Amino acid sequence: MIGMNHTVSQTALNLDQKMEKSGEFISFIVFNPIVKKVTGSELPDILSYAKELNDNIEPTIWYYININREMKDVLFYSDYTGKQIGNFIYPSDAVRNIDWYKEAVKTSKTQWHYDPQLQVLFATHNIQKSDNVTFAGVLYVKIDYNIMFENLDQVYDGEYGILITDSKQQVIYAGEEAASLSEKAIGEITVQPEGQFRMQGKE
């Protein structure tokens, strides 16, 4: 059991590190002064936008995407533009009424989301204008589901499995062993705060 506890801890640590890398990128981007100006439409003309995008924003984003395999898409949804600007900036009209966008407007923290129907894992964070008060838009970062959870089941011998849920007890990942659990069993597991417990006659 000591060996299993170590394996579980190491698995959780590896996932944390992957998520932290994405989180660090998100924090870096949303507080970038140029990102604030471009998303909030604070530049004087289209040439200024093109210069800032070509010289600063887009090379930085492509760099992070290339070195972080988990990051799949990076999109900025702006409340201040009516058309796409460059490769990453889009008007927010199409997403403004979606729950994750409305949630991002209300908080200054990174929000993690999972869409089970599309099997899409993504993170959002609001962006403020240069005054650090006025809402400008939302950064949307799509995470590669397969890379985030790759090789998780390979460290187990078939007697154990991995089940990952969000704060609403929604299943995000179920390994080969855990995939066969009933909804009742999953409910029993996800309400446990931590540690070891007895389920269906087994520890």
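Student: What pLDDT does the protein chain average?

Tutor: This is a predicted model, and pLDDT is the predictor's confidence in each residue, from 0 to 100. In the protein chain, 95% of the residues score at least 70. The average over the chain is a pLDDT of 86.

Student: Which element of the protein chain has the highest mean pLDDT?

Tutor: Helix H6, residues 183-190, has the lowest mean among the elements, at 83. At the other end, with a mean of 96, stands strand S5.

Student: How many helices and strands does the protein chain have, and what pattern do they follow?

Tutor: The protein chain contains six helices and seven strands. Read along the sequence, they follow the pattern α-α-α-β-β-α-β-β-β-α-β-β-α.

Student: Which residue in S2 is the bridge partner of Tyr77?

Tutor: Strand S1, residues 71-78, is joined to S2 by three bridges, and these two strands run parallel. The partner of Tyr77 in S2 is Tyr90.

Student: Which residue in S5 is the bridge partner of Val74?

Tutor: S1 and S5 pair in the antiparallel sense, over seven bridges. In S5, the partner of Val74 is Val141.

Student: Which residue in the turn between S4 and S5 has a positive phi?

Tutor: Strand S4, residues 120-128, runs antiparallel to S5, and eight bridges join them. One of the bridge pairs links Phe122 to Lys142 in S5. The two strands form a hairpin with six residues between them, and the turn residue with a positive phi, about 60°, is Asn132.

Student: Why is S5 described as largely enclosed by the rest of the structure?

Tutor: A residue is called buried when its relative accessible area is under 20%. S5 is largely enclosed because the buried residues number eight of its nine.

Student: Which residue in the hairpin of S6 and S7 takes a positive phi?

Tutor: Strands S6 (residues 163-165) and S7 (residues 171-174) run antiparallel and are joined by three bridges. Leu163 stands opposite Ala174 in S7. The hairpin has five residues between the strands, and the residue with a positive phi, near 65°, is Gln169.

Student: On which residue is the kink in H3 centred?

Tutor: Helix H3, residues 46-67, has 22 residues and reaches 30 Å from its first C-alpha to its last, close to the 32 Å expected. At its start, a side-chain oxygen of Asp45 comes to within 3.2 Å of the backbone nitrogen of Leu47. The buried residues of H3 are Tyr49, Leu53, Ile57, Glu58, Ile61 and Ile65. The kink, of about 50°, is centred on Leu53.

Student: Is Gln10 buried or partly exposed?

Tutor: Gln10 is found in helix H1, residues 2-30. Its C-alpha lies 24 Å from that of Ser180, which is 170 residues apart from Gln10 in sequence. Buried means under 20% relative accessible area and exposed means over 50%. Gln10 has a value of 34%, so it is partly exposed.

Definitions and conventions. Residues are numbered from 1 along each chain as its sequence is written. This is a predicted model: local features need pLDDT of at least 70, side-chain atom pairs count only at pLDDT 80 or more; totals for chains, interfaces and linings use all residues. Side-chain values use heavy atoms; hydrogens and water are left out. Helices (H or I, at least four residues) and strands (E, at least two) are DSSP runs, numbered from the N terminus. The expected span of a helix is 1.5 Å times one less than its number of residues. The bend at a residue is the angle between axes fitted to the seven residues ending there and the seven starting there. Buried means under 20% relative accessible area, exposed over 50%, partly exposed in between (1.4 Å probe, protein chains only). A polar contact is a pair of N or O atoms within 3.5 Å; within protein, one must be able to donate a hydrogen and the other to accept it, and residues adjacent in sequence count only if both atoms are side-chain atoms. Two strands pair if DSSP finds at least two bridges between them.
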